[in-house]
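Q: I'm new to this one. Can you walk me through a few spots?

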Amino acid sequence: MYPPVHVADIAQHEGKEITLHGWLHNRRSSGKLHFLQLRDGTGTIQCVVFKGNVTPEVFQASDHLPQETSLTVTGLVKKDERSPIGFELDVRDLQVVSRPAQEFPIGHKEHGVAFLMEQRHLWLRSQRQQVILRVRHTVEKAIRDFFDQRGFTLVDAPIFTPSACEGTSTLFEVPYFDLGKAYLTQSGQLYMEAAAMALGKVYCFGPTFRAEKSKTRRHLTEFWMVEPEVAYMDLDGDMELMEQFVSYVVQTALEKHRVELATVLERDVSKLENVKAPFPRITYTEAVEVIQKAGHPMKWGDDIGGDEETVVARQFDRPVMVHRYPAEMKAFYFKKDPADPKVALGCDVLAPEGYGEIIGGGQREDDLATLEAAIDHHQLPKQAFEWYLDLRRYGTVPHAGFGMGVERCVAWICGLHHVRETIPFARMMERITP
Ligand code: 4AD
Ligand code: MG
């Protein structure tokens with residue numbers, strides 16, 4: 001069985017009798033008429049049950065069906081000016097597929113987020129969550145399209161890894177047969193560097209894991225990251241790629257979902273219109289001055305935290321690119337700026353409106369001896385990185401890349417307070433169900 005007609009295609013069937021398959025979202029009655037809101041995943045349509053048009057059994061049943069009853073409804077498609085979709089269904093017959101034995105836990109009143117997260121498997125049926133998941137889908141497709149159109153090859157990175165990429169404090173350890181232990185990947189970057197030396201322009205796109213002990217609105221323990229990597233590209237090229245990429249993703253999502261974003265999510269979409277390259281660029285050093293001037297106690301060398309990011313981002317009407325952070329606070333693989341070795345050739349993209357860092361990336365250290373020294377300096381097990389060092393032993397070239405977290409990007413586009421609503425089933429420090 002494949003449902004032959006969906007609500008989204010209803011206009012093609014005006015004046016005809018069709019059958020829809022869905023769930024009862026809501027209903028109301030006025031004597032001789034029952035109004036059923038039928039949801040089928042592609043949209044919601046009002047189905048009007050008139051006493052004179054159906055059997056007494058159907059009329060009687062449609063006044064008592066509970067929310068989330070699964071239904072098959074047959075009727076005539078009629079134009080209706082008042083309907084948000086322009087049509088309603090004049091019901092001739094109705095069959096109950098399954099009637100819930102209990103009341104649906106998520107009614108039409110307000111519920112707290114803790115309760116809704118516990119009911120996530122059912123919460124997904126709400127209009128708001130459907131819109132968010134569709135925007136996520138569009139963002140993921142736009143990500144793929146952007147790189148595919150530019151001749152990148154998608155290369156899947158492993159999930160089990162032998163070593164850390166982004167610092168040892170956020171590693172998830174798993175037992176791994178006779179080899180002892182493995183870690184869930186924090187980033188596919190190191191593997192993309194290998195792939196870039198083979199294929200030139202590559203990207204990976206998959207789940208990544210961090211044992212984040214912070215309960216913030218931006219952190220998940222499992223999140224999806226896209227990571228392009230390009231041979232013979234320097235930091236400037238990387239920053240151009242970042243701004244082109246973010247503009248494309250945001251404008252694609254805006255074009256496709258403008259109405260849903262504005263109505264269902266109450267997003268001020270005018271804020272997204274400006275998200276077009278080129279983006280403003282400032283150095284970390286300049287960012288520190290901006291933060292200090294705003295009265296935040298911060299000195300050169302400190303990390304730019306969430307609040308400080310907001311101070312910097314507030315200066316601009318589009319994302320800002322902060323580059324050349326102190327090398328000391330960055331991962332081992334960053335190349336240092338030859339003009340000032342205190343800073344790394346890295347760049348973060350900070351989204352406006354308080355959304356903060358959505359992208360981190362930069363140029364990689366391509367010199368063998370310097371990279372070996374960095375691995376020592378970070379007290380990383382050199383043995384585990386021998387394969388990575390081979391990339392510098394055999395035809396090393398300048399190269400760069402970046403990573404964007406899908407959830408932070410979707411939270412910003414949708415204007416959501418917390419990333420937990422942007423992923424179908426969020427994993428956080430305090431949550432692993434449903
Ligand atoms: O800045 P990060 O740690 O960079 C890397 O992992 C590099 N290896 C990427 C690369 O150059 N190939 O993470 C990149 C992005 C962040 O900007 C953020 O969007 C997201 O990944 N991110 C998280 N999103 C949700 N929850 C978390 N715990 C995240 N940690 C990072
Ligand atoms: Mg980062």
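Q: Is Tyr248 buried or exposed, or in between?
A: This is a predicted model. Tyr248 has 25% relative accessibility, so it counts as partly exposed.

Q: And Phe146, buried or exposed?
A: Phe146 counts as buried, because its relative accessibility is 0%.

Q: How are the rings of Phe146 and Tyr248 placed?
A: Their centres are 5.8 Å apart. The planes stand at 45°, so the pair is tilted.

Q: Which parts does that pair tie together?
A: Phe146 sits in helix α4, and Tyr248 sits in helix α6, residues 235-263. The pair therefore links parts that are 102 residues apart in sequence.

Q: Which residues make up the ring cluster there?
A: Ring pairs join Phe146, Phe147, Phe152, Tyr203, Phe245, Tyr248 and Phe402.

Q: How many aromatic pairs in the whole structure?
A: A search finds 18. One of the pairs is Phe332 with Tyr333, with centres 5.5 Å apart. Their planes are at 75°, so that pair is edge-to-face. Both residues are buried.

Q: New topic. At what angle do α4 and α12 cross?
A: Roughly 125°. Helix α4 covers residues 127-149, helix α12 covers residues 406-414, and their axes come within 10 Å.

Q: What hand does the crossing have?
A: The crossing of α4 and α12 is right-handed.

Q: Which residues meet there?
A: From α4, they include Ile132, Val135 and Arg136. From α12, Val406, Glu407 and Cys409 are among them. By class, the contact has 9 nonpolar, 3 charged and no polar residues.

Terms used. Residues numbered from 1 in each chain as written. Chains lettered and ligands numbered in written order. Predicted model: local features only at pLDDT ≥ 70, side-chain atom pairs only at ≥ 80, totals over all residues. Heavy atoms only, no water. Axes fitted to C-alpha atoms, helices over the stretch in contact; angles between N-to-C directions. Helix = DSSP H or I, 4+ residues; strand = E, 2+ residues; numbered from the N terminus. Left-handed = near helix turned anticlockwise from the far one by under 90°. Contact = heavy atoms within 4.5 Å. Nonpolar A, V, L, I, M, F, W, Y, C, P; charged D, E, K, R; others polar. Phe/Tyr/Trp six-rings, centres within 6.5 Å; stacked < 30°, edge-to-face > 60°. Buried < 20%, exposed > 50% of the residue type's maximum accessible area, 1.4 Å probe, protein only.
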